[in-house]
Amino acid sequence: MLLLQLYWSFFMVGIFCVGGGYASMPLIQAQVITQHNWITMQEFMDIFAISQMTPGPIGINAATFVGTKIAGLPGAIMATMGFVTPSLIIMIVLARLFFKYGNVGALRGILNGLRPAVVALLASALIVFLNVTLWGSENSSINIKDIDIISLVVLITAFMACRSKTPGVIQTLAASGILNLVLHLIAK
């Protein structure tokens, strides 16, 4: 039963995940934390951090990691298959439509209409991650005096590095981890 729940939960995420891995974050969060309580918010953030450092799409990596944590290798397979199945079906249907009808205006309008939803999903994930990173809880009240200064320094440093477009994702993540470790050692 648990394997079917994993498959179905990630199938639902896969159906509504428009816009890539980052847009899937709030949907995965709703399934694995809010609805099923399979993992904690801290574990969720750790899974997404690891998913960025490993090869492959973030959403698929997250599904695999969650599935592994919940039900081992069979859970990883079912969660990953659940996440991928809707995309596979949708891509086959869209490919057939494009090859048969070409560039249809209505189809283009639908795809353009999905952009604001993708931005909303990304903004939602950003707000949750900022709360957990800077205040330690998804639902904490935002009070400047309670902010985690070390996390804020690491966040600003990583943001500035990303804006310079010099380092890659792996270098930024590695440097952020090292900076966080050093600042925590200095603070103690």
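Select Y101 first: its relative accessibility is 52%, so Y101 counts as exposed (exposed means over 50% relative accessible area, buried under 20%, and partly exposed in between, with a 1.4 Å probe and protein chains only). You're looking at a predicted model, where local features need pLDDT of at least 70, side-chain atom pairs count only at pLDDT 80 or more, and totals for chains, interfaces and linings use all residues. Numbering starts from 1 along each chain as its sequence is written, and side-chain values use heavy atoms, leaving out hydrogens and water.

Y101 sits in helix α4 (helices are DSSP runs of H or I, at least four residues, numbered from the N terminus).

Next, colour α2 (residues 21-35) and α4 (residues 58-101): their axes come within 8 Å and cross at roughly 35° (axes are lines fitted to C-alpha atoms over the stretch in contact, with angles from 0 to 180 degrees between N-to-C directions). Show G21, Y22, S24, I28 and V32 of α2, then I58, G59, A62, V66 and F83 of α4; these make the contact (heavy atoms within 4.5 Å).

Finally, zoom out: the chain has eight helices and zero strands. Its C-alpha trace spans about 65 × 40 × 30 Å along the principal axes, and 31% of its 188 residues are buried.

How values were computed. Helices (H or I, at least four residues) and strands (E, at least two) are DSSP runs, numbered from the N terminus.
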